[in-house]
Amino acid sequence: ANGILNMNICTYVTSISMKPKMYSIAIDYTSKTYKNLESSSKVVLQLLSSNNLKVIRKLGKVSGRLLDKERYLRSYNLINQWRGYHILKDISASIELEKISVTKHHGDHAIFFFDVTSFKTFSDNNVLSFQDLVKSRIIL
């Protein structure tokens with residue numbers, strides 16, 4: 001968002017329309033991502049691959065307020081570029097989103113609504129699955 005790299009691991013992401021292509025993403029009010037999205041209009045949603053498992057705990061369990069995620073990822077050479085955005089290496093796909101609205105005060109997450117402005121599939125192989133996360137003991 002606005003050149004700010006944070007790499008939040010999103011739990012609640014839903015495709016809500018095919019024509020036009022739209023997504024909703026629920027973001028915790030206390031997160032750095034929420035603060036970033038308040039002042040940003042464009043973001044990149046990344047579909048992870050099983051090759052990204054090694055960084056999910058660090059990106060998802062440690063707040064960007066406590067860890068400079070860009071420095072961490074650069075130290076392991078894990079950043080690529082796509083359309084001027086920093087993205088993780090070895091992801092399955094990238095989706096550029098433009099914020100259109102936000103719904104607040106219905107639980108502990110705000111719901112942001114986005115139009116899809118572009119996307120790129122890098123690989124159909126090894127798309128990260130729910131089962132991969134369970135097997136790796138990241139969830140459940």
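Is Asn 52 buried or exposed? I looked this up before anything else. Asn 52 is buried, with a relative accessible area of 3%; buried stands for under 20% relative accessible area, exposed for over 50% and partly exposed for what lies in between, with a 1.4 Å probe and protein chains only.

**Ground rules.** I am reading a predicted model, in which local features need pLDDT of at least 70, side-chain atom pairs count only at pLDDT 80 or more, and totals for chains, interfaces and linings use all residues. Residues are numbered from 1 along each chain as its sequence is written, and side-chain values use heavy atoms, with hydrogens and water left out.

**Asn 52.** I found Asn 52 in the loop between β3 and α2 (53-61). Helices (H or I, at least four residues) and strands (E, at least two) are DSSP runs, numbered from the N terminus. The side chain of Asn 52 reaches the backbone oxygen of Lys 89 at 2.9 Å. I then listed contacts (heavy atoms within 4.5 Å). Not counting residues up to four places away in sequence, Asn 52 touches Leu 88, Lys 89, Asp 90 and Ile 91.

**Cores.** I followed Leu 88 next. With residues up to four places away in sequence left out, Leu 88 touches, among others, Met 7, Asn 52, Val 55 and Leu 73. Leu 88 is also listed with Val 55, Ile 56 and Leu 73 as having the most contacts inside the largest nonpolar core, which has 20 residues. Such a core is a set of buried Ala, Val, Leu, Ile, Met, Phe, Trp, Tyr and Cys residues joined through side-chain atoms within 4.5 Å. I see at least two residues of this core from each of α2, α3 (69-75), β4 (79-82) and β5 (85-88). The largest share, four residues, comes from α2. A second, separate core has twelve residues, including Leu 37, Leu 45, Phe 112 and Phe 114.

**Sheet.** I traced an open sheet of five strands in the order β1-β2-β7-β6-β3, with antiparallel pairing. Strands pair if DSSP finds at least two bridges between them. β1 (12-18) and β3 (42-47) stand at the edges with a single partner strand each, so one side of each has no neighbour in the sheet.

**Pairs.** β6 (residues 93-103) and β7 (residues 109-121) pair in the antiparallel sense over ten bridges. Along them, I noted Leu 97 with its bridge partner Val 116, and Ile 95 opposite Phe 119. The hairpin of β6 and β7 has five residues between the strands, and there His 105 takes a positive phi near 70°. β2 (residues 21-28) pairs with β7 over seven bridges, also antiparallel; Ile 27 has Ala 110 of β7 as its bridge partner.

How values were computed:
A polar contact is a pair of N or O atoms within 3.5 Å; within protein, one must be able to donate a hydrogen and the other to accept it, and residues adjacent in sequence count only if both atoms are side-chain atoms.
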